[in-house]
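Welcome! Please have a look at it first, and then read on.

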Amino acid sequence: MLLKEANTRLTQSELAHLGTGEVGYIRKMRSDEVSRCFPEAPEIDPNLDLWALFGADGTPILLTDNRSSTFFKAAEDDLKTVSLH
């Protein structure tokens, strides 16, 4: 089987906006990371497991202690979700 070489090149701006409004990613967060991504969040117990939903471009959408909530919010916003480890 022959594979064709992809010659399409994306600009930095096109790459940054790839998936915007269509894809979101979910990741587990530590409490010490929260203030960087969600500066308006109150101080959080360091022992709490947190989950965050971000837009494809990294825009923070939701912070919760309930993983299922991230999937519900993504569905509400018509986002396809991927998980990051």
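A residue is called buried when its relative accessible area is under 20%, exposed when over 50%, and partly exposed in between. With 52% relative accessibility, Arg30 therefore counts as exposed. Keep in mind that this is a predicted model.

- Strand β2 covers residues 50-55, and six of its six residues are buried, so the strand is largely enclosed by the rest of the structure.
- In a regular strand, side chains alternate between the two faces of the sheet.
- In β2, Leu50, Ala52 and Phe54 point one way, while Trp51, Leu53 and Gly55 point the other way.
- Strand β1 (residues 23-29) runs antiparallel to β2, and six bridges join the two.
- Within this pairing, Leu53 in β2 has Ile26 opposite.
- Strand β3 (residues 60-64) also pairs with β2 in the antiparallel sense, over four bridges.
- Here Phe54 stands opposite Pro60 of β3.
- Four residues separate β2 and β3, which form a hairpin. Gly58, in the turn, has a positive phi of about 95°.

**Salt bridges**

- How many salt bridges are there? The count comes to six.
- One of them joins the side chains of Arg30 and Asp32, at 3.2 Å from N to O. Asp32 is exposed, at 54% relative accessible area, and Arg30 is exposed too, at 52%.
- Another links Arg36 with Glu33, whose closest N and O atoms are 4.0 Å apart. Both residues lie in helix α2 (residues 31-37), three residues apart, which is about one turn of the helix.
- Are Arg36 and Glu33 buried or exposed? Arg36 is exposed at 60%, whereas Glu33 is buried at 11%.
- Arg27 joins Glu33 and Arg36 in a network of salt bridges.
- Lys73 and Asp77 also meet through their side chains, at 3.3 Å from N to O. Lys73 is partly exposed, with a relative accessible area of 24%, and Asp77 is partly exposed at 30%.

- Most residues other than glycine have a negative phi.
- Asp78 is not a glycine, yet its phi is positive, at about 55°.
- Where is Asp78? Its place is in the loop between α3 (67-76) and β4 (80-84).
- Asp78 counts as exposed, with 65% relative accessibility.

Notes. Residues numbered from 1 in each chain as written. Predicted model: local features only at pLDDT ≥ 70, side-chain atom pairs only at ≥ 80, totals over all residues. Heavy atoms only, no water. Buried < 20%, exposed > 50% of the residue type's maximum accessible area, 1.4 Å probe, protein only. Pairing = 2+ DSSP bridges.
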